[in-house]
Amino acid sequence: MENENPVIVFENVDINNSDSLVIEEFSLTASKGDFIYITGKVGTGKTSIIRTMIAENGITTGKATICGYDLNNIKRKQIPFLRREIGVIFQDFQLLMDRNVHDNLSFVLKATGWKEKQKIEERIDEVLDMVGLTSKSHKMPHQLSGGEQQRVAIARALLNSPKVILADEPTGNLDNETAADIMKLLRELGKDTAIVMVTHNTHIIKKYPGRVFVCEKNMCKEKIQMVSEEAQN
């Protein structure tokens, strides 16, 4: 996507988990339409990269910008605005179990500054249509399958029309067929945004080729040859 302005730029950033250095000199550039996998064994820093991108972990070495925000110098009051530009999808869905699908989404919109009821309702209808759940608006989370709950989580991530979607093991708790449905949805959504997906599932990476970064030995590097080989399969 060389003709697009990048929405993520990391240059030689040290990634920390609390006070521990987990990845040295991490570099990544992504633009709209890029689908990037971050893979590696447990404990190699994959999720720490996601936390750094949402300014949960600070940066002490290197330079990083995401959605136009300078992560080296970002102020605490700017972080909520940064996070409105980013949609985050979690492995365990993290839905509010005491309210229905509609109210889960309404809660997020109101929390991020939406005030007009009609616009809130229109946006909820739009994102539910995007994930194929228009008929599930008044269902409680426990009434939905795991795949449907993950679709709600994806709808939630789309509410503020993010420039970047960060997905942390979004298929980890799903069976193979449901995981395939979620991947097809993410790939479709990825045409209009940049997606960074953490996964340990090599089958998914082979079936849905993208740029692949592998975390190992305190490094996380893009594997150019791996991607080209998979694209030929």
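**Close-up views of a predicted model**

**View 1. The largest pocket of the predicted model holds about 760 Å³ of space.** Residues carry numbers from 1 along each chain as its sequence is written. Because the model is predicted, local features need pLDDT of at least 70 and side-chain atom pairs count only at pLDDT 80 or more, while totals for chains, interfaces and linings use all residues, and side-chain values use heavy atoms, with hydrogens and water left out. The lining has 27 residues, and those nearest the pocket centre are Ile-86, Val-88, Phe-90, Gln-94 and Arg-156. Two or more lining residues come from each of helix H1 (46-53), helix H2 (79-84), strand E6 (86-90), helix H3 (101-111) and helix H5 (146-158). By class, the lining has 12 nonpolar, 7 polar and 8 charged residues. A pocket is an open set of points on a 1 Å grid over the protein atoms alone, where a 1.4 Å probe fits, with protein on both sides within 12 Å along at least five of seven lines; lining residues have an atom within 4 Å of a point. Points are joined across faces, edges and corners, and the volume is the space filled by probe spheres set on them. Helices (H or I, at least four residues) and strands (E, at least two) are DSSP runs numbered from the N terminus. Nonpolar covers Ala, Val, Leu, Ile, Met, Phe, Trp, Tyr, Cys and Pro, charged covers Asp, Glu, Lys and Arg, and polar covers the others, Gly among them.

**View 2. The second largest pocket holds about 200 Å³ of space.** Its lining consists of 13 residues, with Val-42, Gly-43, Gly-45, Lys-46 and Thr-47 nearest the centre. Helix H1 gives the most to this lining, with 4 residues. The classes are 2 nonpolar, 7 polar and 4 charged residues.

**View 3. Gln-94 sits in the loop between E6 and H3.** This residue is among those nearest the centre of the largest pocket. Gln-94 is partly exposed, with a relative accessibility of 44% (buried is under 20% relative accessible area, exposed over 50%, and partly exposed in between, with a 1.4 Å probe and protein chains only). Its phi is positive, about 55°, although Gln-94 is not a glycine. Most residues other than glycine have a negative phi.

**View 4. Glu-25 belongs to strand E2 (residues 20-30).** Here too phi is positive in a residue other than glycine, with a value near 50° for Glu-25. At a relative accessible area of 43%, Glu-25 is partly exposed.

**View 5. Asn-16 is part of strand E1 (residues 8-17).** The relative accessible area of Asn-16 is 15%, so this residue is buried. Leaving aside residues up to four places away in sequence, Asn-16 touches Leu-21, Val-22, Ser-48, Asn-57, Gly-58 and Thr-60 (contact means heavy atoms within 4.5 Å).

**View 6. Thr-65 lies in strand E4 (residues 63-66).** Thr-65 and Ile-8 are 57 residues apart in sequence, yet their C-alpha atoms are 5.9 Å apart in space. Residues up to four places away in sequence not counted, Thr-65 touches Val-7, Ile-8, Val-9 and Asp-70. With 31% relative accessibility, Thr-65 counts as partly exposed.
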